[in-house]
Amino acid sequence: PRDAAVREVKEETGLEVVAGRVIGQRVHPATGRGLVYMAAVPSGESDVFVGDGSELSEVRWVAPAAVGKLMPDMFEPVRRYLDVVATTGAGT
């Protein structure tokens, strides 16, 4: 999963990352696809782009505390992880 995550992030956003721990897993309710959610940190330049408009509508940097407003239906384990990152600064 880590190699796939690094590859997918690069293909879809142009961002090079180092994958961290698994945050959660589920079958996506809308697509039926199996998903693995992982923490990651950038390992190089932080410029991003939308590599495939059919998979992403937008890519941008936001503070962890602001994500809930943008994605109110976020997968709960990811929300909890971002809450910890926002309050402690600890990640991956």
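Helices (H or I, at least four residues) and strands (E, at least two) are DSSP runs, numbered from the N terminus. Glutamate 76 is found in helix H3. The structure is a predicted model, in which local features need pLDDT of at least 70 and side-chain atom pairs count only at pLDDT 80 or more, while totals for chains, interfaces and linings use all residues. Residues are numbered from 1 along each chain as its sequence is written, and side-chain values use heavy atoms, with hydrogens and water left out.

The protein has three helices and two strands, which follow the pattern α-β-β-α-α along the sequence. The C-alpha trace spans about 35 × 30 × 25 Å along its principal axes. The radius of gyration, taken over C-alpha atoms, is 13 Å. Of the 92 residues, 22% count as buried, that is, under 20% relative accessible area with a 1.4 Å probe and protein chains only; exposed means over 50%, and partly exposed lies in between. Glutamate 76 counts as partly exposed because its relative accessibility is 38%. Between glutamate 76 and arginine 21 there are 16 Å from C-alpha to C-alpha, at a separation of 55 residues in sequence.

The end C-alpha atoms of H1 are 16 Å apart, in agreement with the 16 Å that its 12 residues should span at 1.5 Å a residue; the expected span is 1.5 Å times one less than the number of residues. Glycine 14, which follows H1, has a positive phi near 80 degrees. S1 and S2 run antiparallel and are joined by eight bridges, where pairing requires at least two bridges found by DSSP. Valine 27 stands opposite glycine 34 in S2. The hairpin of these strands has six residues between them, and glycine 32 there takes a positive phi near 75 degrees.

The largest pocket holds about 2400 Å³ of space. A pocket is an open set of points on a 1 Å grid over the protein atoms alone, where a 1.4 Å probe fits, with protein on both sides within 12 Å along at least five of seven lines; lining residues have an atom within 4 Å of a point. Grid points are joined across faces, edges and corners, and the volume is the space filled by probe spheres set on them. The lining comprises 47 residues, with Val9, Tyr37, Met38, Leu56 and Met71 nearest the centre. S2 gives the most to this lining, with eight residues.

How values were computed. Rg over C-alpha atoms; globule rule 2.2 N^0.38 Å.
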